[in-house]
Amino acid sequence: MATDSTAPPPAAGERRPGIGDRSGLLGGLMLAPAVIYIVALVGVPFMLAIALSTSSATVGAPGIHGFVGLQNFIDVMHQPAFPVALRNSVIVTLATLVVTIIFATAESELFARDFRGKWFWQIIIILPWAMPVSLAAVNWLWLLDSQFSPVDWILRQLHLLGPGTLLGPANHLYYYGREWLGLASITMINVWRLLPLATIIVLAGRTSIPRDIYEQAQVDGAGFFRVLFRITVPALGPILVVVSMFTALMVFGDMTITAITTHGGPGYSTQILPYWAFVKGIDGGALSQGAAVALFMFPILLAAAVLALRMAFRQENQ
Amino acid sequence: MMKGLLRRVGFWVGLLLFALFAVFPVVWMLISTFKQTGDLYNAGNNPFLFNLPPTLENVTFLFTGTHYPVFLWNSFLIGVLVVVITLSLAVPAAYSLSRLVGRWGERSGIAIFLVYLIPPTLLFIPLFQLISAINASNTIWSLVLVYPTITVPFCTWLLLGFFKSMPREMEEAALIDGCSRWQAFLRVAMPMAWPGIATCVVFAFALPLSDYIYAASFVSSTSARTVSAGVPTELIRGDVYYWQSLMAAAAIVTIPLAIAYGLLFGKLVKGFQTEPASGV
């Protein structure tokens, strides 16, 4: 590395020769542990994932020999669960994204104001994020239980569910026992648990919009929705991209909710890619096929990340 | 006047709806925790009322009849160790990138963030092999080793934004006064970055509580499980669900964390204010 260019201001560099050298060395020493750790536990495993996916490794015979080329990818692509899992991963991610962005924008609009007892409401709306994901999934498993769901009970009291009603004739909706209702429930849980973080990030963008823009709009007599769509949403552009990236990543890469609620069932109708990889690789012992399924997610994630970052970058530079 | 009233009503209705959405499952959780079994499984009852007197039996069972205390202790211990490892790797790395290694260091935010974007589901199978190869399966050490792969990139990225937004003059004054770079880092830069460091501590401590995939993949013995993987496996035995104790287990972890996060709300908003603009 060129030490001359690292010495920040030229004047200081002239007065104190040698500090640039020492900074460079110290900089390297301070950076090295993190870099070595990441290379060893992210870089190497990533390469290993590629190697595994082209081998015939199983839990019984975990060595990476027996190169089989793209056979694992071809094998998993020909299984009927593959297109379903891919479709469900995309649908759940997109649906969660759209709903979360709309809700987070609305909620941050509320919390951008000062009002009485704000700290209390903050604790309330942050609750879902404080709950570990697996326990949140257990909470929702019981909330949408096939026999004792209080949501079903409320619907029955409102005469929306039960024999001879709109959602009847059964007395229960069986949320996790049906394909589309199962996917909708998983989407709902994802929105529920990610909304607090999304709101916090949007709020960070919302509160840095200068106040005088709003005061000017008020003087001009602009209504609430006009201000929202003409001023707030355009100004939030870059931060909404960041939120979308966070949310999409958390949903697309997560298997916990599906693993605990529907188990990908009935059949494989609510299966998603990450949980399918887990079922194949860890539960089923087919390490190489599991790694192949997991790798299918990588190009999609990479494309989404690059796209989102470029959009954020461009908007920022405008 | 009419318009102002409409706005106020709209505001409170909106706030109530969002609060209800967030809190409804938690309320259900709390009610279930204290219900007697005969009350819980009576489909004719109003599920929101205590038709039989509330009981602490299920909470007692959680602490005496299950390994929940072990799970809590493991999560806590792993959390502390992950915080220590994360800070000792990420703080120097972020400082180095922002001040010492030149312009490419300042612009490495995107690359670091991309490392954070690699989800655990992509890496858990090869990591499972690595863990088996070093005989660390079924120990808490496997998780202590692996969790910083998530926390180090995220915290480095967050702190890079913090250090970049800090004025250089203070450190340069310290250098002129005869401090070494290392001393300037320890005594000037680190104290100024404390809100960022505090955010990292919370993030790193909470991750072992919330991760499921690594905990479920690497650890199958009860004595080394964390709350997040231990509770579902211990309290769901085949077709038997210990619902009240499950709900109690979730409530005990969630409510203190929610209060901590709720009080940190403003700080969290500020943390994200400095970083997306400068870090990405």
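## Fold of chain A

Among contacts in chain A between residues at least 6 apart in sequence, what percentage join residues at least 24 apart? In this predicted model, the share is 65%. Of the 318 residues in chain A, 45% are buried.

## Domains of chain A

The domain assignment divides chain A into domain 1, covering residues 1-53, and domain 2, covering residues 72-317. A distance of 37 Å lies between the C-alpha centres of these two domains of chain A. Their contact draws on 4 residues from domain 1 of chain A and 8 residues from domain 2 of chain A. On the domain 1 side, the contacting residues comprise 3 nonpolar, 1 polar and no charged residues.

## Domains of chain B

For chain B, the domain assignment gives domain 1 as residues 2-55 and domain 2 as residues 61-279. The centres of the two domains of chain B, taken over C-alpha atoms, are separated by 33 Å. Each domain is represented in the contact, with 6 residues from domain 1 of chain B and 6 residues from domain 2 of chain B.

Helix α1 of chain B (residues 2-33) supplies 4 residues, the largest share of the domain 1 side of this contact. By class, that side of domain 1 of chain B has 3 nonpolar, 2 polar and 1 charged residues.

## Interface between the chains

In the contact between the chains, 86 residues of chain B meet 84 residues of chain A. Helix α15 of chain B (residues 243-279) contributes 20 residues, the largest share of the chain B side. The chain B residues that touch chain A consist of 67 nonpolar, 15 polar and 4 charged residues.

## Nonpolar core

The largest nonpolar core has 167 residues, and the members that touch the most others are Ile201(A), Ala90(B) and Leu159(B). Residues up to four places away in sequence aside, Ile201(A) touches Ile239(A), Val242(A), Val243(A) and Phe246(A), together with Phe272(B) from chain B.

## Glu107 of chain A

Glu107(A) belongs to helix α4 of chain A (residues 81-111).

Trp140(A) is 33 residues from Glu107(A) along the chain, and the C-alpha atoms of the two residues are 22 Å apart.

## Helix α11 of chain B

Helix α11 of chain B (residues 181-192) has 12 residues. From first C-alpha to last, α11(B) reaches 15 Å, close to the 16 Å expected at 1.5 Å a residue.

Which residues of α11(B) are buried? They are Arg181(B), Ala184(B), Phe185(B) and Ala189(B). Viewed down the axis of α11(B), the buried residues fall within an arc of 100 degrees and therefore line one face of the helix. Arg187(B) and Pro191(B), on the other side of α11(B), are exposed.

Methods. Residues are numbered from 1 along each chain as its sequence is written. Chains are lettered from A and ligands numbered from 1 in the order in which they are written. This is a predicted model: local features need pLDDT of at least 70, side-chain atom pairs count only at pLDDT 80 or more; totals for chains, interfaces and linings use all residues. Two residues are in contact if their C-beta atoms, placed from the backbone, lie within 7 Å. Helices (H or I, at least four residues) and strands (E, at least two) are DSSP runs, numbered from the N terminus. Ala, Val, Leu, Ile, Met, Phe, Trp, Tyr, Cys and Pro count as nonpolar, Asp, Glu, Lys and Arg as charged, and the others, Gly among them, as polar. The expected span of a helix is 1.5 Å times one less than its number of residues. A residue is buried if 20 or more other C-beta atoms lie within 10 Å of its own, exposed if 12 or fewer, and partly exposed in between; C-beta atoms are placed from the backbone. The arc is that of the directions from the helix axis to the C-beta atoms. A nonpolar core is a set of buried Ala, Val, Leu, Ile, Met, Phe, Trp, Tyr and Cys residues joined through C-beta atoms within 7 Å. Domain bounds come from an automatic or database domain assignment.
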